[in-house]
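The stops below are given in the order in which they may be selected.

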Amino acid sequence: MIRVDQAGEYGATRIYAGQLAVMGDRAPGSGEIAGMAQQEADHRARFDALMARRGVRPTLLQPFWSVAGFALGAGTALIGPKAAMACTAAVETEIDLHYTAQLEELKADGNDPELADMIEEFRDDEREHRDAALAAGAEQAPAYPLLSGAIRLGCRLAIRLAERI
């Protein structure tokens, strides 16, 4: 769980880096994206520390996540601010589902309250990101259903790959 979640938080930091590289600090929504990026960086740092304490290795796909995340962020930002928000809404929808499933498993066995508390806190942050993106017009992005569906499918695939590699 820790490796997969750290990979996801790493990917999120790269998505936001790509968006901000295109949007700069003056585009609509860029301030909100920068705030979300900072939260994701905090999540990643906390997972990095947990991995070090517990001796968990990162996914071998991290270099790929770096490039793919940045490209996804930059690509959606090039479409426009609403597409960047659509990306956030799609990613955070899948992460909410992923973290919720993990929480159910962790709470059922009760063996790792530290990890359960982290995941619950981070899930709540991801829900706020999703809701903020929707409020900022994510669903008004060009071809929103197609864009959102493709990004959500990519997220599910990334989670499955990180679980195995």
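The tour goes from a helix pair to the cavities and then to a pocket.

This is a predicted model, in which local features need pLDDT of at least 70 and side-chain atom pairs count only at pLDDT 80 or more, while totals for chains, interfaces and linings use all residues. Residues are numbered from 1 along each chain as its sequence is written, and side-chain values use heavy atoms, with hydrogens and water left out.

**Helix pair**

Select residues 81–109 (α4) and 144–164 (α6), whose axes lie 9 Å apart at an angle of about 40°. Helices here are DSSP runs (H or I, at least four residues) numbered from the N terminus; axes are lines fitted to C-alpha atoms over the stretch in contact, with angles from 0 to 180 degrees between N-to-C directions. The crossing of α4 and α6 is right-handed, meaning that the near helix is turned clockwise from the far one by less than a right angle.

Next, show the side chains in contact (heavy atoms within 4.5 Å). On α4 they include A86, A90, I95 and L97, and on α6 they include L147, I151, C155 and I159. The contact residues comprise 13 nonpolar, three polar and four charged. Nonpolar covers Ala, Val, Leu, Ile, Met, Phe, Trp, Tyr, Cys and Pro; charged covers Asp, Glu, Lys and Arg; the others, Gly among them, are polar.

**Cavities**

How many cavities of 30 Å³ or more does the structure hold? There are two. On a 1 Å grid over the protein atoms alone, a cavity is a set of points where a 1.4 Å probe fits but cannot get out, and lining residues have an atom within 4 Å of a point. A volume is the space filled by probe spheres set on the points, which are joined across faces, edges and corners.

Select A12, I15, Y16, T88, V91 and E92 to outline the largest cavity, with a volume of about 50 Å³. The second largest cavity holds about 40 Å³; α4 gives the most to its lining, with four residues.

Finally, centre on I15, W65, G154, C155 and A158, the closest to the centre of the largest pocket among its 25 lining residues. A pocket is an open set with protein on both sides within 12 Å along at least five of seven lines. The largest pocket has a volume of about 480 Å³, and α6 gives the most to its lining, with nine residues.

Key. Helix = DSSP H or I, 4+ residues; strand = E, 2+ residues; numbered from the N terminus.
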